[in-house]
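Welcome! Here is a short tour of one protein model, with a look at its nonpolar cores and at a couple of backbone angles.

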Amino acid sequence: MTGRLHDKVVLISGGASGIGAAHAQRFAKEGAKVVIGDLQEEMGQELIVKINKEGGDAEFLLLDVTNEDSWAKVVSSTVSRYGKLTSLINNAGIGSGKKTEAETVEGWNRICAVNQTGVWLGMRASIPEMLKVGGGSIVNISSIYGMVGSPAMIAYHASKGAVRLMTKAAALEYAPKNIRINSVHPGIIETPLAMAMPDKHIDIFVEKTPLGRLGKPGEIAAGSLFLISDDASFVTGSELVIDGGFTAQ
Ligand SMILES: NC(=O)c1ccc[n+]([C@@H]2O[C@H](COP(=O)([O-])OP(=O)(O)OC[C@H]3O[C@@H](n4cnc5c(N)ncnc54)[C@H](O)[C@@H]3O)[C@@H](O)[C@H]2O)c1
């Protein structure tokens, strides 16, 4: 690894599992100080033990992305521990397989609270710290389902589409302050969230993916690594699609 993130302190929401965990491992290898914020304490603690054993510098903090006080505590603890916060990966998310008539108001509100409000709260809590150090970078994990529709998952589509446009709005707002904000749009990636889908749905996705397979969590982390690093110094308000060609058709 090349130490591309040696001067970065990165907070990763939902970093205990799946795509977020892959970010934590890769970023630590690239020299970042990594803070994993998640509801899953045991998994998060196990992951940081592994990262630190391998020579990284990581910490776990309990975070509920739907709660503004929780964000405030995590951001403040991050700055106390590492002196600054330069980067945020807004990754925590939950799925829903409900169609329009089957979705409940409770289900809709829960999906939007985590996937949409959580992303806004994360940006709102972190940006003041980035302003203090003259800039920063945020990656918001959306989905290909924030760009194209499917005949299911109405609330998920709504929340991920919101993440895509919130990203562009915030990017415009903070470009003059040197904070870059981009979205990443994974296709179907081998994680607990995607594997909760019935096998026949997964088979259909594989069949419809030009590269002929599911993606791996590390392939999403590699995209975010570019966006968070100084290599992406002229990239803001953009959307990086990592989907094996799914949305090119
Ligand atoms: N796996 C895919 O195929 C896929 C595709 C497109 C987008 N995504 C997006 O990628 C992101 C990560 O998904 P994943 O597949 O790794 O899922 P995952 O279930 O493996 O991990 C999600 C993590 O978010 C955490 N989380 C959930 N609610 C939270 C809350 N309120 N506060 C803090 N943490 C919370 C969970 O505890 C979990 O550790 C999500 O935003 C998801 O929508 C995933």
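Contact here means that heavy atoms lie within 4.5 Å of each other. Please keep in mind that this is a predicted model. In soluble globular proteins, nonpolar side chains tend to be buried together.

**The largest nonpolar core**
- There are 27 residues in the largest nonpolar core, and L11, W71, M123, I138 and I181 have the most contacts inside it.
- Two or more residues come from each of these elements: β1 (9-13), α3 (68-82), α4 (105-132), α5 (154-174) and β6 (179-186).
- Among the contributors, α4 gives the most, with seven residues.

**A closer look at L11**
- Which residues is L11 in contact with, once its neighbours within four places in sequence are left aside? They are V35, G37, W71, V74, V75, L85, S87, L88 and I89.

**Another core**

**Two positive phi angles**
- Most residues other than glycine have a negative phi.
- M153 is not a glycine, yet its phi is positive, at about 60°.
- You can find M153 in the loop between β5 (136-141) and α5.
- M153 has 16% relative accessibility, so it counts as buried, the cut-off being under 20%.
- N178 is also a residue other than glycine with a positive phi, near 65°.
- Look for N178 in the loop between α5 and β6.
- Is N178 buried or partly exposed? N178 counts as partly exposed because its relative accessibility is 47%.

Definitions and conventions: Residues are numbered from 1 along each chain as its sequence is written. This is a predicted model: local features need pLDDT of at least 70, side-chain atom pairs count only at pLDDT 80 or more; totals for chains, interfaces and linings use all residues. Side-chain values use heavy atoms; hydrogens and water are left out. A nonpolar core is a set of buried Ala, Val, Leu, Ile, Met, Phe, Trp, Tyr and Cys residues joined through side-chain atoms within 4.5 Å. Buried means under 20% relative accessible area, exposed over 50%, partly exposed in between (1.4 Å probe, protein chains only). Helices (H or I, at least four residues) and strands (E, at least two) are DSSP runs, numbered from the N terminus.
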